[in-house]
Amino acid sequence: MVYDILMYLHLATVVPCVFMGAYLLFARKGGLFHRKLGAIYMVLMVITAILALFMEARVGPVFLGHFGWIHLFCFLVLWTVPTAFLAIRKGKVKSHQRKMVLLYIGAILIAGGFTFSPGRFLHELFF
């Protein structure tokens with residue numbers, strides 16, 4: 001039961017990030033709307049990663065009785081978000097951009113792609 005609650009909370013925080021992140025990557029940068037939406041995106045991504053750390057691996061090899069390979073993406077998020085935030089605060093725009101692209105590709109596209117593999121909820125839901 002707890003896993004199901006965590007999974008639905010995780011989905012509720014990550015699904016908006018799919019669309020917000022794509023918009024932020026392709027829309028005009030630097031304005032107030034970009035900064036506010038980016039802040040929401042970053043907070044949701046951190047919440048998503050923290051929630052995922054509490055979800056035990058149910059597909060593939062399990063480490064320490066709980067973690068799977070997909071949990072590595074949580075650490076990607078928990079490293080990338082603060083360093084991207086600090087980069088932009090220091091005026092390092094290129095570094096911020098690289099980190100945000102890495103975040104979207106790694107944590108949204110790649111990790112999200114794995115959630116459609118057999119044995120996972122989204123695979124059962126869509127296929």
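Biologist: Which residues touch the most other members of the largest nonpolar core?

Modeller: A nonpolar core is a set of buried Ala, Val, Leu, Ile, Met, Phe, Trp, Tyr and Cys residues joined through side-chain atoms within 4.5 Å, where buried means under 20% relative accessible area, exposed over 50% and partly exposed in between (1.4 Å probe, protein chains only). The largest such core holds 29 residues, and those touching the most other members are Tyr41, Met45, Val77, Leu103 and Ile108.

Biologist: What kind of model is this, and which element gives the largest share of this core?

Modeller: This is a predicted model, in which local features need pLDDT of at least 70, side-chain atom pairs count only at pLDDT 80 or more, and totals for chains, interfaces and linings use all residues. Residues are numbered from 1 along each chain as its sequence is written, and side-chain values use heavy atoms, with hydrogens and water left out. Helices (DSSP runs of H or I, at least four residues) are numbered from the N terminus, and helix 1, helix 2, helix 3 and helix 4 each supply at least two residues of the core. The largest share, 9 residues, comes from helix 2.

Biologist: Which residues does isoleucine 108 touch, leaving out those up to four places away in sequence?

Modeller: Contact here means heavy atoms within 4.5 Å. With residues up to four places away in sequence not counted, isoleucine 108 touches Val14, Cys17, Val18, Tyr41, Met45, Leu103 and Gly113.

Biologist: Which element gives the largest share of the lining of the largest pocket?

Modeller: A pocket is an open set of points on a 1 Å grid over the protein atoms alone, where a 1.4 Å probe fits, with protein on both sides within 12 Å along at least five of seven lines, and its lining residues have an atom within 4 Å of a point. The largest pocket is lined by 34 residues, with His10, Ile70, Ala111, Gly112 and Thr115 nearest its centre. Helix 1 (2-26), helix 2 (32-53), helix 3 (72-89), helix 4 (93-114) and helix 5 (121-126) each give two or more residues to this lining. The largest share, 8 residues, comes from helix 1.

Biologist: Is leucine 64 buried or exposed?

Modeller: Leucine 64 lies in the loop between helix 2 and helix 3, and has a positive phi of about 55° although it is not a glycine. With a relative accessible area of 80%, leucine 64 is exposed.
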